[in-house]
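This report concerns the packing of helices and the nonpolar core. Please examine the sequence and the structure shown below.

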Amino acid sequence: MSEPVIIRNAEEGDSDAVSALFTVLGHPCPSEQVRKRIAVFSSTPGHLFQVAEVDGVVVGFATASTAESPRQDGKKGDISALAIAESHQRRGIGRRLVRTIEDWFRSEGVVRVSLTSASHRTETAHRFYPAVGYRQTGIRFDKDL
């Protein structure tokens, strides 16, 4: 990659750019909601909200959290969102975000990481995650309350 990428903690001023990136995931999220999530993640232990910036422009983001594992000693980690602007995909930015989160997980005592990818993302995420060492282990079910 020729462009320098900066991975940093998200700030409330990043909310418009991150809101636009949520469309890559197929889950639009209004800027004001993103602003609130950034504030919550920034002030809550065990939560991380990172952005990837190229030339001063946010081109990717990832969120993660930790919790005590019910199945084994140590914590479990969850990568709850990861999106890269289509114009910047396949340049190593997603890989850098994942590596940054995994390093943070290790520092937090995480022993197992899981993530969810929407079923429609077969051409992007479903190829990316195995390439960075993740394996499919199940099927997720959701219900809105």
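In the helix α2, Ser31, Val34, Ile38 and Phe41 are buried, where buried means under 20% relative accessible area, with exposed over 50% and partly exposed in between (1.4 Å probe, protein chains only). These residues lie on the same side of α2 because they cover an arc of only 85 degrees around the axis, the arc being that of the directions from the helix axis to the C-beta atoms. An α-helix has 3.6 residues a turn, so residues three or four places apart point the same way. The buried residues of α2 pack against α1, β2 and β3; contact means heavy atoms within 4.5 Å.

The model is predicted: local features need pLDDT of at least 70, side-chain atom pairs count only at pLDDT 80 or more, and totals for chains, interfaces and linings use all residues. Residues are numbered from 1 along each chain as its sequence is written, and side-chain values use heavy atoms, with hydrogens and water left out.

Helices (H or I, at least four residues) and strands (E, at least two) are DSSP runs, numbered from the N terminus. The expected span of a helix is 1.5 Å times one less than its number of residues.

| Helix | Residues | First to last C-alpha | Expected span |
|---|---|---|---|
| α2 | 13 residues | 19 Å | 18 Å |
| α3 | 15 residues | 21 Å | 21 Å |

The buried residues of α3 include Leu97, Ile101 and Trp104. The largest nonpolar core has 35 residues; such a core is a set of buried Ala, Val, Leu, Ile, Met, Phe, Trp, Tyr and Cys residues joined through side-chain atoms within 4.5 Å. To this core α3 gives the most, with 6 residues.
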